[in-house]
Amino acid sequence: SSHLIPSGTIRLVAFTGSTAVGRHLTTLASEHMTPVLMELGGHAPVIVCEDTDVHAAAVTGAVRKMRNAGQVCTSPTRFFVHDEIFDEFVDTFTKRAAATVVGDGMEPGVEMGPLANDRRIVALTDLVDDARDNGANVLTGGAPIDRAGYFFEPTVLANVPDHARVMQEEPFGPLAIINPVSSLDEAIHQANSVPYGLAAYAFTNRADYVNRMVEGVEAGNLSINTLEASLPETPFGGVKSSGYGREGGSEGLHHYMVVKNVSHSYSIL
């Protein structure tokens, strides 16, 4: 990067990856006034309102959380569930997460494969231990799987205190947090309590709840009653430490072009 970015032939730096690396590249680019497009990390909240189909939301959340072993920047991670439905949601979610079939992704029936490298095993273990030490409940998983490869158990934590590291640090693994909230306002506050703002999700059938979340949730992508964060034809990107600029859709082309204003008079004024 220190060789390429200063080159006069580089017109834009587009990067998808961690927030730490994105900040480093942005700093390098700023020294040469080179534009950047940054799609960085996330810590996606999921707001589960009291009016939703609890079973469907829990099963969908558990399945999607384990996609690619949770190694997705838009992976649903922090579930804020209304306390009226909290127990039912936790029970259903935990049972489905624990039933996830882990193994070689080339084998039939396998739902989740390994982590990318041994560093993720250490990072996840440290986050779980810290959460447990701070009073969180480990409902399932929480440890490496004793087999060849970088496998980690599908993990569900509940009642995790705000000061636990995992509430602020992206786990980037098969780890879900489920905490109760007493109102939508509290859920929105908790959703916004991290430095990230890439993807956010919600389950509700109330239009007024949707309007409040559209106005209040700090994220570049908000999905209601689905855990799809984006489509190729829609703009995708984050706010806060999740980066800036957009990929996808017609908006994604803007960052690869220069706007030039031309004023042309037909006579001398």
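In this predicted model, 17 residues line the largest pocket, and those lying nearest its centre are Ser18, Thr19, Gly41, Glu170 and Phe172. Two elements, helix H1 (19-30) and helix H4 (118-133), each give two or more residues to this lining. Helix H4 provides the largest share, namely three residues. The space in the largest pocket amounts to about 320 Å³. Sorted by class, its lining comprises seven nonpolar, five polar and five charged residues.

The second largest pocket holds about 210 Å³ of space. Its lining draws on several stretches of the sequence: Ile10, Arg11 and Leu12, then Pro35 and Val36, and finally His254, His255, Tyr256, Met257 and Val258. Here the classes divide into seven nonpolar, two polar and one charged residues.

Seven strands form an open sheet in the order E5-E6-E7-E4-E3-E9-E10, and their pairing is mixed. At the edges stand strand E5 (137-140) and strand E10 (221-224), each of which pairs on one side only. From one strand to the next, the twist averages 20°.

The end of the sheet that carries E10 can be followed at the level of residues. Strand E9 (residues 199-203) pairs with E10 in the parallel sense, over four bridges. Within this pairing, Ala199 has Asn221 of E10 as its bridge partner.

Helices accompany the sheet. Helix H3 (residues 86-98) packs on the sheet and touches E3, E4, E5, strand E6 (155-158) and E7. The direction of helix H3 makes about 170° with that of E7. Helix H2 (residues 54-65) lies across strand E3 (44-48), strand E4 (76-82), strand E7 (175-181) and E9. Relative to E4, helix H2 runs at about 165°.

How many aromatic pairs does a search of the whole structure find? The search finds three. One of them joins Phe79 and Phe93 in an edge-to-face arrangement, with 5.0 Å centre to centre and 65° between the planes. Because Phe79 lies in strand E4 and Phe93 in helix H3, this pair ties together parts that are 14 residues apart in sequence.

Notes. Residues are numbered from 1 along each chain as its sequence is written. This is a predicted model: local features need pLDDT of at least 70, side-chain atom pairs count only at pLDDT 80 or more; totals for chains, interfaces and linings use all residues. Side-chain values use heavy atoms; hydrogens and water are left out. Two strands pair if DSSP finds at least two bridges between them. Axes are lines fitted to C-alpha atoms, for helices over the stretch in contact, and angles run from 0 to 180 degrees between N-to-C directions. Contact means heavy atoms within 4.5 Å. On a 1 Å grid over the protein atoms alone, a cavity is a set of points where a 1.4 Å probe fits but cannot get out, and a pocket is an open set with protein on both sides within 12 Å along at least five of seven lines; lining residues have an atom within 4 Å of a point. Grid points are joined across faces, edges and corners, and a volume is the space filled by probe spheres set on the points. Ala, Val, Leu, Ile, Met, Phe, Trp, Tyr, Cys and Pro count as nonpolar, Asp, Glu, Lys and Arg as charged, and the others, Gly among them, as polar. Rings of Phe, Tyr and Trp (its six-membered ring) pair if their centres lie within 6.5 Å; planes under 30 degrees apart count as stacked, over 60 as edge-to-face and the rest as tilted.
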